Amino acid sequence: MNTLALIAFALWALFMRCLPKIMEFIKLRQWSASIPGPSISELIENVKKGQILSWFKELRQKHGSTFRIWFGKDLMVFFTDPEDIKQLLGNNNLLYKSSNYKIVTPWLGNGLLTNGGESWHTRRKFLTPAFHFRILSEFKEPMEENCRILIRRLDEKVEGGEFDIYPYITLFALDVICETAMGIKKNAQMQSESEYVKAVQQICHILHKRSFSFWQRNNIFFKFTQDGRKRDACLKILHDETDRVIKLRRKMLEDSKITSMLDAEKSCDSFGQKKRFAFLDMLLISQMEGVPLTDREIREEVDTFMFEGHDTTSSAIGFAIYLLSQHAEVQKQAYEEAVAFEGREKESMPYLEAIIKETLRLYPSVPFYSRSVKEDLQVGQITVPKGASVSILSYMVHRDEQYYPEPEKFDPSRYFKNEKDLHPFSFVAFSAGPRNCIGESKVAMLELKCSLSHLLRNFEFLPAKDFKPNPLPELVMKSGNGIKVCVKRR
């Protein structure tokens, strides 16, 4: 009898503990009936087809600028009107990412991407100086060195017919981020079979797969599945390597007697050349200057920089090359600017920057991103209840015909014709407001301009017959069928 009483008491205690969540869920179900959106079966059907972005277009046409989707037990409200986006991204209280970001926390921990609230705000304040343009100027050299390797690799494909250029770009981007984030050479372009390179590629694949799998996404036993075991094996390789490099770079700083940013700016190597410092070095120096960052927190930020700076850049370069291959006149003008600005890519390059912006309008590296609603939230005429999530659907924001006539057309000149008429939140590829991308106009744009300028000066990109990319909204926008082009030496 005592045993039954204990079981009954335990069940009652569990019920009472879960009651607030149950009531919140019931409230969300009732409220969601007032917002148009598809059924879960429609979502499952379109996920299987792999045509989520086309489906989003249909949903916006059918339901208007705001609609909701139930992802299992999670309610997501999508917004596509720039006025609503302005309210959302400018809200200083909307600082927590939604639950779908939990997929990457085993790798990135509480880094800047996944962190929220006051903890995020404090970390962001510490990290902002590390993205100062003067410091980032040191990143240009490793970018250029790796561009030269990429060009040698692509030389093998000249006049060889169409091929998928995307694998070459991803390895290039991985080499760049390893040097700029950690200060180490991985030579991914020449050693694509290395354990570390394969671990990065495999964990990205597993995370992409999990993000749209109902079974894997909500499975508390995921770590015991085959993919879960593979993920954990990759995590060990990645975390061990970052920990190893942290110790290595700290010793390098100690041996060089560098304890402050001022010391770093004055330091030179044995040849009298100014020493190059990586993002990790800046964090370690900040730690020595008294910024309260533990080694674990430093690893989280380096891993976050690795993830965000590798996949998003690869996506943007890949789609830009595809679009240039399809538009010979645009490519010609971009080539002429790249020649005129050779060695000066840190300066403003209006036409290439317009090409990059138009590429990210059509193929935003992050097609949607979301926040968790901690208190009832007023957005326009809608009050989104606590417990829901709101998503900025940048893929559709960028296709608003009011601001972008012929929205499916690739037209960099639109930014010279009517940019002053654009709504300031009609382009949100880098987010905006307090949680905007910390490397928006610095790391990302510098790498995109450097890489595309080098490639344009060396190659003409020609279209692959009947090829059209199949954009997939994974953690980062990817083309499901690669990026096929032909290359010709200039």
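So, the largest pocket: 33 residues line it, and Lys73, Asp74, Ser98, Ser99 and Lys102 lie nearest its centre. By pocket I mean, on a 1 Å grid over the protein atoms alone, an open set of points where a 1.4 Å probe fits, with protein on both sides within 12 Å along at least five of seven lines; lining residues have an atom within 4 Å of a point. Keep in mind that this is a predicted model, where local features need pLDDT of at least 70 and side-chain atom pairs count only at pLDDT 80 or more, while totals for chains, interfaces and linings use all residues. Numbering starts from 1 along each chain as its sequence is written, and side-chain values use heavy atoms, leaving out hydrogens and water.

What's in that lining? By class, 10 nonpolar, 12 polar and 11 charged residues, with Gly counted as polar and Asp, Glu, Lys and Arg as charged. Helix α1 gives the largest share, 4 residues. Helices here are DSSP runs of H or I, at least four residues, and strands are E runs of at least two.

Okay, on to the sheet. Pairing means DSSP finds at least two bridges between two strands. β4 goes antiparallel with β7 (residues 389–392), over 4 bridges; serine 372 has serine 389 in β7 as its bridge partner.
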